[in-house]
Amino acid sequence: MEQLILELKEHLIEELNLEDITPEEIDAEAPLFGDGLGLDSIDALEIILILEKNYGVRLANTAEAKPVFYSVKTLAEYVMQNRK
Amino acid sequence: MRCFVGKIVTHEEVQSDLKQLIPDAALRRRMSRVVKMAVSTAVECLGGVAEIPRVDAILTATGWGCLADSEKFLRNLITEQEQLLNPTPFIQSTFNTVGGQIALLGHNHCYNLTYVNRSHSFEDALLDGMMRLADGESRRVLLGAFDEMIPSLETITRRMGWWRHHTAGEGSCFMTLTPEREADSVAQVVQLDFPIEELSAEECRVRYATTPDAELIYCDATYEELYPTRSAARFSEAVQRIKAGTKEVVLYNNCMGMRPTVLVLQWLG
Amino acid sequence: MRIAVTGLGVVSALGVGVDRNFAALAAEQSGISPEPRILKTTHRLPVGELKLTNEELHRMCGVELKEHLSRTALLGILAVREAIEDARLASDARVGLVSATSVGGMDLTEHFFEEFMADERRGRLRDVRMHDCAASTEAIAAHCHIRGYRTTISTACSSSANAILQGMKLLRHGILDAVVVGGTDALSAFTLNGFKSLMILDEAPCRPFDASRRGLNLGEGAGYLVLQREGEHARDPYCYVAGAANSNDAHHQTASSEEGNGALLAMQGALQMAGVDPSAVDYVNVHGTGTGNNDLSEGRALLRLFGDRVPAFSSTKGFTGHTLAAAGGIEAVYSALAIARGVRYANLRFETPIAEHGLVPEKHHQTACAVSTVLSNSFGFGGNCSSVLFTK
């Protein structure tokens, strides 16, 4: 789980072009959207791609993804349950 | 129809730090090189993000647009065979990205247009701005031009034989325009014309110069560095000459095989 | 000084020409097909595609195949030529063109890039000559004998509404005596995949303003108007362009603000320029793409502008698909016809209102209506919002 969380953070930094931020600085339990990392609807689409490309986990749309996308931790849990 | 030119800045003249000019990290992280170049030139020209709300028209001009993002999306589309494509380069590839990002950065709801007409793009946007100022629809216009060169465009245009006599260039230039003379005015545009036929240097003088001392900047296809909105940088050069004491500059632009344009700039008097 | 609409030209999935488009609108026959037949793509998604190949379009335009024009230019030539003939406009240096496009020659560039990526010495150069936006404008001008001032505008999906706005100014300032304004965009794998990557393409025919809407269908086409100063035209005008305005939503690069701020400002600006009160608007041709975000935001803007007296409105994108930079031009042609022929168009496939605003569009084609004031909305990426007001 810890390894997966670190991996997800690295993907987020890389794919979303988050500048000046290290994986350690991202709180795995803090909200990704709104006040947390300040991500938006486009980032949500990019995260759907991260999950599908790296873990084969599919999410049909952003509405379904909402609870899953709360934090890095919820993302990791969803990947654990659904990865192929 | 005339207008006054306030501050004018080219990308080479941008002094401030990118993070200061574009403080919104969420916007900055999605910006390609050309968008960063153009938006930072615009903000430097205005003197900071806080000044963006003071303009009431944002006009941008680009011949090529956001090429790097267009190419990135196209390459992904081909390599990934239309599956699982990242949306970011697509949304950033539109021609009005720069104008939209300036509005977003300054929360400015004003008129926002983008002209994409090869070597006329800058002059067309200027015409729009001058008409708005003349009609009283705008009191302070932000006008800018930008183009980027990317390796594949250089390769393709080299194969087309473009670079036998000049080199591939890129750049951005932004300025403010007002209908009346303001404290920051440095020159005035007194004429903008779109002649149907090509003109010689002599014909330009006869037709457009109002004083024998007028200087002519005559640009045909002999620029050292070429890109569609190069005439905006030449416009900046004309403004520098006025600032240095020249009373009138006639700027003739016919650099990329479209019809020519002619601009007449004068000192403030 | 009033600006008269004296010529119309349109090409869309409904067919080539004003008559075919109007007949399909009146018969409530959608132009959306289950999947692309001309466009090369692996996606089986509904599109508003004109079922004519580029070769067939070259022939229809009377252009030799070896000229190898982009599809965007070919669609534009058909519509501009129709508009010019309709207005009985003579070729003159005082006749100009303000043309909008968002994809330019991307349909050809896509072919080029496949080979170019494998080997940079390969790919036919004639496939990239028309990549930039101005190339389509120049080709249209050349083949339609337009000799005056011409320019190209690209502000995504509001592009051709902005072309109308700029054309009005060129006439008012006496820079031109007649101007052809509008836009053209062909379907391309680039845009189809682009909107797919944003997950806003409906896998079924789109349902604008319906509670169950799932996104837009991409379309292609071209729509142009001839504008002239009142009293200087050869034929009776269809209507007048009384006002037009552009405003920026300044909310997000792609999404509209929840309350439709940019949309409201654009509609208010167009009404203000025309000196027309909102209560005088008879019909609104809404942007109505069928995405969750647009139809919610635009509906809220309508409520803010019109209060509890929202006029009859409909989205014609259920017929044509979203034709991007051409949408404002195509819908301007439809708006002019609505006034000239006294009709309001159906908003296809509407069943249930959106819970948040409860607005109900025109469900069926209405004839013999008194339509004297029409507002046409077009909104695009980069927060770009435009609205054009047509009057009898």
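## Reading the contacts of chain B

Tutor: Let us start with the contact between chain B and chain C, which takes 59 residues from chain B and 65 residues from chain C, where contact means heavy atoms within 4.5 Å. This is a predicted model, in which local features need pLDDT of at least 70 and side-chain atom pairs count only at pLDDT 80 or more, while totals for chains, interfaces and linings use all residues. Residues are numbered from 1 along each chain as its sequence is written, chains are lettered from A and ligands numbered from 1 in the order in which they are written, and side-chain values use heavy atoms, with hydrogens and water left out.

Student: How much area do chain B and chain C bury between them?

Tutor: The size of an interface is often given as the accessible area lost when the parts come together. Here the buried area (accessible area, with a 1.4 Å probe, that two parts lose on being put together, summed over both) is about 5,100 Å² for chain B and chain C, with 62% of it on carbon and sulfur atoms. Of the area that chain B buries against chain C, Glu82(B), His109(B) and Arg159(B) supply 14%, more than any other three residues.

Student: How many salt bridges and polar contacts are counted between chain B and chain C?

Tutor: A salt bridge is a side-chain nitrogen of Lys or Arg within 4 Å of a carboxyl oxygen of Asp or Glu, and three are counted between chain B and chain C. One salt bridge joins Glu138(C) to Arg259(B), whose closest N and O atoms are 3.1 Å apart. A polar contact is a pair of N or O atoms within 3.5 Å; within protein, one must be able to donate a hydrogen and the other to accept it, and residues adjacent in sequence count only if both atoms are side-chain atoms. Between chain B and chain C there are 27 residue pairs in polar contact, both residues being at pLDDT 80 or more.

Student: Which helix of chain B gives the most to the side that touches chain C?

Tutor: Helices (H or I, at least four residues) and strands (E, at least two) are DSSP runs, numbered from the N terminus. Helix 4 of chain B gives the most to that side, with nine residues.

Student: What is found between chain B and chain A?

Tutor: Eleven residues of chain B are in contact with 16 residues of chain A, and the two chains bury about 1,200 Å² between them, 45% of it on carbon and sulfur atoms. The count between chain B and chain A is five salt bridges, and in one salt bridge Arg29(B) pairs with Asp43(A), the closest N and O atoms being 2.8 Å apart.

Student: Into which domains is chain B divided, and how many salt bridges cross between them?

Tutor: Domain bounds come from an automatic or database domain assignment, which divides chain B into domain 1 (3-178) and domain 2 (187-266). The C-alpha centres of these domains of chain B lie 23 Å apart, and 33 residues of domain 1 are in contact with 28 residues of domain 2. The area buried between the two domains is about 2,600 Å², of which carbon and sulfur atoms give 67%. Across this interface the rule finds zero salt bridges, although ten residue pairs are in polar contact, with both residues at pLDDT 80 or more.

Student: What confidence does the predictor give the complex?

Tutor: The predictor gives the complex an ipTM of 0.98 and a pTM of 0.97.
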